[in-house]
Structure formats: structure tokens, C-alpha cells
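Subject: Structure handover

Hello,

Please find the structure below, with the sequence. My notes on it follow.

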Amino acid sequence: MHRRGFLAAGLATVLASPRALAQMKMDDMSTMPGMEMSGHDMNAMTQGAIMLPEGEALRALPLLANEAARPSMFKAKLTAEAAIARITEGLETPILAYNGSSPGPLIEAFEGDRVEITFANRINSEASTIHWHGMPVPADQDGNPMDPVAAGADRVYAFDLPEGSAGSYWYHPHPHGRTAEQVYRGLAGAFVVKSKADPVPAEYGDMVLMLTDLRLAADGSIPGNTMTDLMNGRVGDQVLVNGQRNPRLAVAKGDRRRLRLYNATNARFLKLAFEGAAMTIVGTDGGLIEAPVAADEILLSPGERIELVVAFDSPGLATLGTLDYDRGWMGAGRPADAGLTLLTVDVSETPGAAMPPLPTRLRPIAPLSAPAVSRRLIFAEIMAMNATGMEMGFLINGKAFDMARIDIVSRAGETELWEIVNQADMDHPFHVHGTQFQVIEHERDGKVSKPPFVAWKDTVNVARGETVRLLLRQEQPGRRMYHCHILEHEQLGMMGVLDVRA
Ligand SMILES: [Cu+2]
């Protein structure tokens with residue numbers, strides 16, 4: 001196996017301090033965090049994948065009911081527990097669900113709302129948390145691995161949604177060492193913050209499409225992670241939209257639909273294209289962009305979201321599908337990324353009611369500027385064979401994650417320039433908690449390019465060999481995580497702790 005990192009100068013140093021390295025030994029995989037591969041799983045996997053039926057009517061995600069007794073308040077309870085999904089006839093699939101549903105219920109709240117969500121962890125003997133991905137919540141309410149909720153325990157997450165925070169966020173577990181597994185077993189949901197002054201016409205609707213992927217063994221169970229999954233991140237056999245495989249949606253000719261696409265997979269890169277319909281980008285992770293931008297293709301890396309207006313002007317079938325994207329795959333078993341149909345839309349011959357046009361301006365975004373500090377984060381993979389097996393590490397600045405170590409100290413309210421350098425052989429989507437950032441530059445092979453528009457992001461893909469420069473400002477003090485959003489990589493060390501001080 002040829003790897004750029006294999007003989008990197010830093011390797012000896014890292015291997016000399018094995019406790020700092022997330023380590024994997026081929027001959028003792030059962031001791032790895034998140035690794036559970038029994039002989040039963042192995043047999044099930046070789047018997048071929050169970051695929052879900054296609055073509056059912058697209059279901060909207062169930063809405064989490066607001067139990068608050070007063071206005072400007074969102075109050076509810078989320079219970080994480082084991083559930084049985086009857087995914088195909090005669091087969092029962094043990095999953096993890098929020099309030100019995102996977103994906104979890106959709107949370108809709110408004111800018112200015114106070115949010116109080118009681119989390120009941122009823123997962124059998126496993127700690128968990130709820131992380132509010134992308135949201136500007138206080139550090140101690142953000143479900144970090146340092147704040148686990150023990151099995152059987154409850155806690156309340158409370159925070160305020162500031163003005164200007166409307167956007168397409170999501171929630172998922174973030175417990176130390178168990179995030180990847182709890183997510184691929186079913187725990188993730190969307191959290192949409194709305195603005196009362198939304199410029200996108202209400203006639204377009206507003207629908208969340210949660211993209212997840214699933215792997216089912218012949219007996220209907222979800223098998224544990226393999227060595228390949230740990231290296232590349234887990235990629236399932238089928239990509240689902242709101243839990244359905246290639247569901248169908250009926251629209252009238254001339255309709256416009258507002259669709260919020262979420263890549264909630266552990267590790268699958270989705271290069272998306274709409275055939276037979278025109279996509280216009282209106283928003284990113286952290287809400288609306290300044291003006292609509294037409295797009296033929298969109299790369300959505302794990303953790304990212306995109307907000308689209310799709311115009312259905314041609315009668316017949318329109319399909320949302322995937323194109324090939326090489327994100328750097330290690331070893332055999334590279335998934336067939338291209339040619340998946342995720343959603344089929346029936347566009348009627350008869351035109352529907354006329355739809356108002358999309359405004360040419362959506363909202364202003366003040367550019368972040370004049371960073372007071374610059375930082376450089378180098379992402380690297382290391383891999384080595386030794387007497388006891390293969391060791392693999394996913395590192396940031398030569399270090400694997402250590403919850404007790406503070407890697408970066410920042411000051412609240414100060415703009416910083418972060419340079420994320422990917423010296424690895426795989427793409428790594430970079431995510432930071434607690435704030436939204438602005439990407440200002442990409443550099444690859446000495447070529448510098450600017451992003452096509454200003455946008456608020458909390459997750460950005462850093463392709464192998466690429467450097468991404470971004471400006472970011474944390475407003476609230478406390479400890480924040482930054483990490484690769486391939487959840488297996490995060491679990492194997494590619495995460496750091498940022499301490500924001502007042
Ligand atoms: Cu990664």
C-alpha cells in the first residue's frame with residue numbers, strides 16, 4: 001500500500017508515543033472503539049445486501065411538536081432508544097431512534113426563540129449527547145464529548161436562537177468513541193431555524209431531504225464497522241432520502257420547490273445533479289446566501305447542507321442523482337458513487353398555479369475581515385505495519401484527539417484566519433462547533449481560487465492535497481470541538497479542542 005504518510009518524518013515521533021495515537025491492530029480489532037465485527041456479521045455481509053423498495057411517495061419528516069405554553073419558546077423532549085424498523089417484509093432491523101423515528105423528528109423554530117429540549121438517553125448502557133451541529137449555542141449546551149449523558153439519564157439543553165441565525169442545522173450524538181456507531185445505527189435529525197422575514201416565496205414550500213445511507217445484512221441487521229469502514233469512513237449500500245430509497249414526488253409543471261439537502265451520512269461524498277429540473281442555490285449550512293446562484297452539480301460532503309430552489313419546467317420525470325467523485329479511497333471496495341437515483345419527481349403536463357419569482361437579492365452577508373490571529377491545521381493520515389499488526393492514525397498537527405488537552409486557545413469576538421492543510425490521501429470535511437465561518441480561498445497544486453459566493457458554513461470539504469483558508473469568529477466562551485466529519489476519522493483521532501476565552 002503506497003501512502004504519502006507512510007514514511008512521513010512525523011511518523012516515528014507519533015509511534016514513539018503510542019498512547020497519543022488512535023491505534024488499530026489487525027489481530028485485535030474487537031478492542032477498537034466502535035469496532036464490533038463478529039463471525040455472524042462477516043457471514044451476513046458476504047450474503048449480499050438487502051435493498052429497500054423504491055418508488056414510494058416521499059414522506060416529509062415527522063415534526064417535533066412544540067410543547068411550550070408561551071410564544072417565542074420551543075420546548076420538547078427527545079428520547080434516544082433502541083427501536084425495531086420493519087424495513088423490508090419479514091425482516092426486523094434493530095436501530096437507534098429519536099422518539100422512535102430515524103431520521104429523527106424535524107425541529108422547526110424561529111430566530112429569537114428560546115429552546116429547551118430535554119434529552120432522555122435510553123440507549124442500553126451507552127453514554128450519548130446531542131450536538132447541535134452548526135448552531136450558535138453555549139459551549140456547555142452543545143453536546144460535546146466532555147459532557148456525556150449517561151445511559152438512563154436525562155438532561156436539558158437550553159439556548160437562545162439569535163436574530164440572523166436562520167439556517168439548516170442538524171442534531172446528532174457526539175459521545176466519546178461512539179459517535180460514528182450511534183449515527184449509522186440511526187441517530188440524526190434536522191433542526192431548521194426560520195426567519196419571520198424570509199425572502200423565499202412561501203409558495204415554494206420548504207422541505208428537508210435528509211440523505212443517509214444504510215447497510216443491511218441478510219438477516220436485516222445493521223452490521224458493525226469493518227476495517228475498510230474505519231479507514232475510509234463507513235459507506236452504506238443504499239442512499240436514503242428521509243429514510244426512503246428513491247422515493248417519488250409529484251409536482252405541477254412550472255412549480256418551484258425549496259429543498260434543504262443534508263448529507264447526514266457517516267462518510268459518503270455526494271456529487272449531486274438534477275436531471276430534467278434546474279437547481280438554484282439559495283443557502284448553505286448557515287442560511288441564505290446573498291443572491292441566488294444557478295448550479296448544475298453540487299458536491300455535498302459528509303456533514304454539509306445546501307438549500308436549493310428547484311424549478312420543474314419540463315413535464316415528465318426529473319431525477320436527483322449522483323455523479324462520480326473521487327475522494328481518495330483506500331484499498332478495495334470503493335463504492336459505486338455515480339448513477340444512484342436518490343429522488344424521482346413526476347412533473348405534470350398541465351401547468352400549476354403561477355409561482356412568484358425568486359427575488360434577485362436574498363440577504364446581505366457582512367464579510368469577516370482583518371483576522372487578529374492566523375492558525376494552520378495540518379490533517380494527516382499515518383499507517384504502518386509493525387510486529388503486532390497495522391497501526392492507523394488520523395491526526396491534526398501530528399496529534400490524535402485527547403479530550404484532556406487544549407489544542408487552541410482563542411478569544412471570544414476575535415476574527416481568526418484558519419488554514420486547513422490536507423496532507424493526506426483522502427478528502428477530509430472540516431467542521432468546527434459553535435459558529436459559522438466564511439471560506440475565503442482554496443489552494444491546490446499552487447493554484448489559488450476564491451469561492452463563487454460569500455456563504456456561512458460550518459463544514460467544508462478539504463480535498464486531498466488542498467489547503468482551505470477560512471475566517472472564523474467564536475462569540476461565546478468555552479470548549480469547542482473541531483474535527484473531520486467523516487465520523488470514523490473523528491473517532492480515530494482527527495479532532496481537536498478549541499478553548500474560547502472571554
Ligand atoms: Cu477524515
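His489 is buried, at a relative accessible area of 0%, where buried means under 20% relative accessible area, exposed over 50% and partly exposed in between (1.4 Å probe, protein chains only). His428 is likewise buried, with a relative accessible area of 0%. His428 belongs to strand 24 (residues 428-432) and His489 to helix 5 (residues 487-491), so the pair links distant parts of the chain, 61 residues apart; helices (H or I, at least four residues) and strands (E, at least two) are DSSP runs, numbered from the N terminus.

On provenance: this is a predicted model, in which local features need pLDDT of at least 70 and side-chain atom pairs count only at pLDDT 80 or more, while totals for chains, interfaces and linings use all residues. Residues are numbered from 1 along each chain as its sequence is written, and side-chain values use heavy atoms, with hydrogens and water left out.

The unreviewed UniProt entry annotates residues 86-197, 233-314 and 388-501 as "domain: Plastocyanin-like"; the positions are in the numbering used here, feature names are shortened, and annotations may be inferred rather than shown by experiment. Residues 86-197 are 5% helix and 37% strand, with end C-alpha atoms 41 Å apart. For residues 233-314 the figures are 0% helix and 63% strand, with the ends 38 Å apart by C-alpha atoms.

There are 42 salt bridges in the structure, each a side-chain nitrogen of Lys or Arg within 4 Å of a carboxyl oxygen of Asp or Glu. One of them joins Arg268 to Asp213, with the closest N and O atoms 3.2 Å apart. Arg268 sits in the loop between strand 12 (255-263) and strand 13 (270-275) and Asp213 in strand 9 (residues 207-214), so the pair ties together parts 55 residues apart in sequence. Arg268 is buried at 4% relative accessible area, and Asp213 is buried at 13%.

Arg260 and Glu307 form another salt bridge, at 3.5 Å from N to O. This pair links strand 12 with strand 17 (residues 305-312), 47 residues apart, and both residues are buried.

Regards
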